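Hi,

Here is the structure I said I would pass on.

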Amino acid sequence: MLIVTEDLALLDDLLRLCAAAGAEAEVHHTVPERGGWTDPPLVLVGDDAAARCRGATRRQGVLLVGRDPDDPGVWRRAVELGADEVLTLPGDETRLVDRIADAAEGTGRQALTVGVIGGRGGAGASTLACALALGAARAGRRTLLVDGDPLGGGLDVLLGGEREEGRRWPDFAASKGRLAGGALEESLPSVRGLRVLSWDRGDSVTVPPAAMRSVLAAARRRGGVVVVDLPRRVDGAVAEALAQLDLGLLLVPGELRAVAAAHRVASTVGMVLRDLRAVVRGPYAPGLDDRWIADALRLPLAGELPYDPGLSAARDGDPPPGADARGGLGRFCTAFWERVLTPERAA
């Protein structure tokens, strides 16, 4: 970052906010020579230095920072400077920290974030979530798998990575505010080419909504793909997760009771998530098929899972679900990502 100001009190605040965002800053009293102005990802110009910076090369990523939101002249100075935005302290501190952190992380397109929810208990949602994450990683996409169900037994166990070193949900339960996406990713266990945020084997820990919001926002800023395994109940933390999804998949077995249960889940989830799609799996009760079930739920059909007796309950020692790209589950996941990921979102 570049900071241009002679106001010592403002400088102290800006350096504090840079530290909070995990960014280092170079300080000048006026426009630096050569590439010192154009090279940094973000330039913070104190209102006291706006006149001295007038005439500098126009560029994006210049913020004019002051203290008086009622000063009408600040907008004129911002236009003369070519600033993207005018921020005032202390009111805009949160916004400024976000801008600094985005610039420091090189934030580009956010991750495509997909949630998986079971239409009834034992539908196989966790298995599908793991398979989707493995499919994305197998295709070379940066992938993070988030276990949003504290009572599900742990997705790291399902993937065979329960002994891998790294942080689990209890380490993030007190999180609030902004987390650095890179630091989050590097702190998590790496299993079969993807990062996994799951639960430890200790006592149950409640994840507050603020922690879920911070963790998923950080994960999304890294780009690629984020897959979230969610429980059927919707509490505050689950509602925060649903709000950050790009789309949700409701996995529904081909049974009338499962359709009835899934209808209740869809009604609740649909109050938060706009793009919810049905994934249907057999075997089917007489008279049912994938289209009938999707129509009964009034949801778009995302696809039909081929019948696999092991989908609902993977056994210890088995390969992780979807690990075989040639199997029915692996083929479903490959086809799903080919449909929903544009080339721009495949990075």
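**The cysteines**

With a relative accessibility of 0%, C130 counts as buried. Keep in mind that this is a predicted model. What is the closest cysteine sulfur to that of C130? It belongs to C333, and at 10 Å it is too far for a bond. C333 is buried as well, also at 0% relative accessible area. A disulfide would need the two sulfur atoms within 2.5 Å, and the count of disulfides comes to 0.

**The chain as a whole**

The protein chain has 347 residues, 50% of which count as buried. You will find 12 helices and 13 strands in it, and the C-alpha trace spans about 80 × 40 × 35 Å along its principal axes. Among contacts with a separation of 6 or more, 71% are between residues 24 or more positions apart. The accessible surface is about 16,100 Å², with 48% of that belonging to carbon and sulfur atoms.

**Helix 10**

Have a look at helix 10, residues 256–269. Its 14 residues reach 20 Å from first C-alpha to last, close to the 20 Å expected at 1.5 Å a residue. Buried here are A258, V259, A261, A262, V265, A266 and V269. Seen down the helix axis, these buried residues fall within an arc of 165°, so they line one face of helix 10. On the other side, L256, R257 and R264 are exposed. And what covers the buried residues? The cover includes strand 6 (112–118), helix 9 (236–243), strand 11 (247–253), strand 12 (276–281) and helix 11 (290–297).

**Salt bridges**

The structure holds 22 salt bridges.

- D149 and R233 meet at 4.0 Å, N to O. They link distant parts of the chain, 84 residues apart: D149 is in the loop between strand 7 and helix 6, R233 in the loop between strand 10 and helix 9. D149 counts as buried at 15% relative accessibility, while R233 is partly exposed at 38%.
- E185 pairs with R222, their closest N and O atoms being 2.8 Å apart. E185 lies in helix 7 and R222 in the loop between helix 8 and strand 10, so the pair ties together parts 37 residues apart in sequence. E185 is buried at 14%, and R222 is partly exposed at 24%.
- D246 and R220 meet at 3.4 Å, N to O. D246 sits in the loop between helix 9 and strand 11, and R220 in helix 8, 26 residues apart.

Cheers

Key
Residues numbered from 1 in each chain as written. Predicted model: local features only at pLDDT ≥ 70, side-chain atom pairs only at ≥ 80, totals over all residues. Heavy atoms only, no water. Helix = DSSP H or I, 4+ residues; strand = E, 2+ residues; numbered from the N terminus. Expected span 1.5 Å × (residues − 1). Buried < 20%, exposed > 50% of the residue type's maximum accessible area, 1.4 Å probe, protein only. Arc of directions from axis to C-beta. Contact = heavy atoms within 4.5 Å. Areas by Shrake-Rupley, 256 points an atom, 1.4 Å probe, with all protein chains shown as cover. Salt bridge = Lys/Arg side-chain N within 4 Å of Asp/Glu carboxyl O.
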